[in-house]
Amino acid sequence: MSKITTLERRERPFDPMPKPTSPSEDGGGPRRPETGSPDKDNLLKRMRKVDPKQAERYRQRTGQ
Amino acid sequence: MRLFGIETEYGITREDQEVVDPVVESMKLVRAHLTRAFEKTWDYSGEDPREDARGFRVSGLQQDREEDEFVKQDAHRPFSFREMKSDLVLPNGARFYNDHTHPEYSTPECRTLRDLIAHDRAGERILQRAATRRNRALSGPHVQLYKNNTDFHGHSYGCHDNYLLPRSIPFSSVTAGLLPFLVSRQLIAGAGKIGVEAQESGFRPGLFQLSQRADFMETELSVDTMYNRPILNTRDEPHADRAKYRRLHLIIGDANMCEYATALKVGTTRVVLELIARGAVPALELDNPVVAVKELARDPDLKAVVRRKAGGALSGLDIQEAYWLAAQKTLSGQDEETEWILREWADTLRLLTSDRSRLVGRLDWVTKLWLLETFVREERLSWDDPWLTSLDLEYHNIDPARGLYLGLETDGNTTRVTNEADIEAAVSTGPSDTRGGIRGLCIRRFPDQIKSVQWERVQFTGWLLPKTLDMSDLFDPDAVKALTQVLEAAASPADALKAWSQRKEQWQ
């Protein structure tokens with residue numbers, strides 16, 4: 001069986017390498033929030049302030 | 001050899017005007033950064049976007065009919081091309097200017113992901129501070145900036161990631177090895193978008209996509225960047241010794257707000273380029289990459305499969321996993337940064353299928369989708385409500401008082417790759433191990449004796465003819481550090497160039 005055959009969709013689950021502690025987690029790189037979905041209250045307040053028509057007015061010229 | 005950089009074109013608007021002139025606003029924003037008079041120091045002589053890496057030169061670059069009309073109007077404006085561009089070279093080695101009516105920030109060349117992310121974030125701070133100064137002059141918070149890639153009316157602008165490569169790698173190997181990866185990279189690096197659009201056509205709300213740019217990908221390979229955009233841009237503009245190097249200029253990427261997504265985007269691409277250099281990429285040629293990039297973008301459930309040329313079909317995750325497996329087999333144990341990339345890449349692919357909520361604050365499309373789902377539920381909206389498009393836009397606002405992503409970050413709900421000290425340092429100084437740092441040091445040490453600057457050289461005045469610091473082959477970090485010492489110790493550019501010349505002779 002070729003390597004790519006083992007990758008066809010139905011050959012899951014993908015089993016990546018075990019994850020050791022990142023050296024960067026103690027200040028050298030990424031930190032992770034402890035929980036999944038964060039608190040929503042502040043964000044909902046911020047989102048409700050957004051003008052529903054804002055994107056309709058937003059026009060740009062084509063860039064690269 | 002590792003060297004990369006990111007160019008970001010920002011969206012700009014004036015909320016107090018019904019019709020905004022983006023040329024004038026972009027110019028004024030860039031000029032608002034200045035504390036002294038604008039000087040035309042950027043040297044355009046090294047720029048030729050018509051050279052194609054496939055071995056030919058095109059006579060012109062394409063743009064759409066609407067842009068043709070705009071360009072005709074621009075020709076009658078009361079300022080010159082150089083004034084319109086308002087090119088600035090910053091003390092951190094970055095370039096900040098008005099590119100195609102968008103304020104653009106190009107990071108200095110970086111050697112590590114951590115430096116690159118710090119400089120990408122420094123760009124946000126520099127632009128936002130310029131907007132604050134401009135708004136002070138306007139007596140209100142009228143100018144707003146967006147680190148995104150669409151106006152939801154069929155106009156896209158880019159965020160380009162660039163990689164220095166040895167020219168000895170055949171370009172055909174780069175394209176064959178990279179295309180399937182780029183088609184699927186949006187799974188980890190897409191910024192997310194509500195709605196579907198295309199150049200010169202309308203916007204259809206409702207569908208959530210992984211990527212902002214997928215709608216605008218129209219061909220596999222092309223030198224063009226504003227029309228008929230390619231998955232893999234073939235521009236051959238190395239900004240380095242052409243005999244030895246090429247610069248891979250990727251235009252398919254989205255502008256990321258998540259530091260983690262930017263790190264994965266550039267880190268995994270760097271890893272795949274190393275696989276290509278070693279002849280170790282998986283053979284995954286797709287039947288129709290342009291269709292595939294759109295099919296994968298329009299399926300946030302990640303169930304869509306795309307056809308392989310050799311037969312069979314693969315999902316985006318399958319493609320990413322194939323590249324990860326090859327990288328793990330070939331590059332594992334190489335160095336700390338590569339280990340970080342391999343580990344986080346694997347973790348991300350696993351979480352995309354097992355627990356996507358843990359990627360909120362790490363991947364932009366997952367974060368944006370979570371925000372919109374929350375809002376739809378709370379406000380009982382339908383998915384084609386225009387409010388969602390406005391929220392999508394506001395996710396990318398770089399004003400910390402307004403931006404939705406920055407709100408999440410302020411609350412501590414994002415995964416950081418840098419910290420505030422890294423970003424502030426990157427606002428004022430360049431990387432210590434690349435020519436980008438040298439460029440910035442020249443700007444800081446000898447601001448009044450610089451005649452011109454561009455990516456690969458700095459020209460100094462003070463002689464009958466200007467003298468040049470050539471950096472077209474300055475990629476050895478030890479050489480960069482030696483030159484840094486020379487520039488820091490020199491009393492003048494003349495002293496520095498003389499000392500550097502002697503130092504190089506000793507070296508050779």
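This is a predicted model: local features need pLDDT of at least 70, side-chain atom pairs count only at pLDDT 80 or more; totals for chains, interfaces and linings use all residues.
Q: OK, take β9 of chain B. How many bridges join it to β14(B)?
A: Strand β9 (residues 159-166) of chain B is joined to β14(B) by 6 bridges. The two strands run antiparallel.

Q: And which residue in β14(B) is the bridge partner of Asn162(B)?
A: His249(B) is the partner of Asn162(B).

Q: What order do the strands of that open sheet take?
A: The order is β5-β6-β7-β1-β9-β14 in chain B, 6 strands with antiparallel pairing. At the edges sit β5 (88-89) and β14 (245-250) of chain B, each pairing on one side only.

Q: Zooming out, how many helices and strands in chain B?
A: Chain B has 16 helices and 19 strands.

Q: And chain A? How many helices and strands there?
A: Chain A comes to 2 helices and 0 strands. Of its 64 residues, 22% count as buried.

Q: What share of chain B is buried?
A: Buried residues make up 52% of the 508 residues in chain B.

Q: What does the radius of gyration of chain B agree with?
A: A compact globule. With 508 residues, such a globule would have a radius of gyration near 23 Å, and chain B has 22 Å, which agrees. The C-alpha trace of chain B spans about 70 × 55 × 50 Å along its principal axes.

Q: Among contacts in chain B between residues at least 6 apart in sequence, how many join residues at least 24 apart?
A: That comes to 69% of those contacts.

Q: How is chain B divided into domains?
A: Chain B has domain 1 (4-422) and domain 2 (434-507). Their C-alpha centres lie 31 Å apart. Their contact takes 18 residues from domain 1 and 18 residues from domain 2 of chain B. On the domain 1 side, the residues touching domain 2 divide into 8 nonpolar, 5 polar and 5 charged.

Q: Switching to the largest nonpolar core: which members touch the most others?
A: Val272(B) and Leu391(B), out of 134 residues in that core. Helix α6 (residues 259-277) of chain B gives the most to the core, with 10 residues.

Q: Where does the core lie relative to the two domains, and why?
A: Domain 1 (4-422) and domain 2 (434-507) of chain B both give residues to this core, so the core lies between them.

Q: Which residues is Leu391(B) in contact with, leaving aside its neighbours within four places in sequence?
A: From chain A, Met47(A) and Val50(A). From chain B, Leu371(B), Leu372(B), Phe375(B) and Leu404(B).

Q: Now the contact between the chains. How many residues from each?
A: Chain A gives 40 residues and chain B gives 64 residues. On the chain A side, α1 (41-48) and α2 (54-57) are the elements that give two or more residues. The chain A side divides into 16 nonpolar, 11 polar and 13 charged residues.

Key:
Residues are numbered from 1 along each chain as its sequence is written. Chains are lettered from A and ligands numbered from 1 in the order in which they are written. A nonpolar core is a set of buried Ala, Val, Leu, Ile, Met, Phe, Trp, Tyr and Cys residues joined through C-beta atoms within 7 Å. A residue is buried if 20 or more other C-beta atoms lie within 10 Å of its own, exposed if 12 or fewer, and partly exposed in between; C-beta atoms are placed from the backbone. Helices (H or I, at least four residues) and strands (E, at least two) are DSSP runs, numbered from the N terminus. Domain bounds come from an automatic or database domain assignment. Two residues are in contact if their C-beta atoms, placed from the backbone, lie within 7 Å. Ala, Val, Leu, Ile, Met, Phe, Trp, Tyr, Cys and Pro count as nonpolar, Asp, Glu, Lys and Arg as charged, and the others, Gly among them, as polar. The radius of gyration is taken over C-alpha atoms; the globule rule is 2.2 Å times the number of residues to the power 0.38. Two strands pair if DSSP finds at least two bridges between them.
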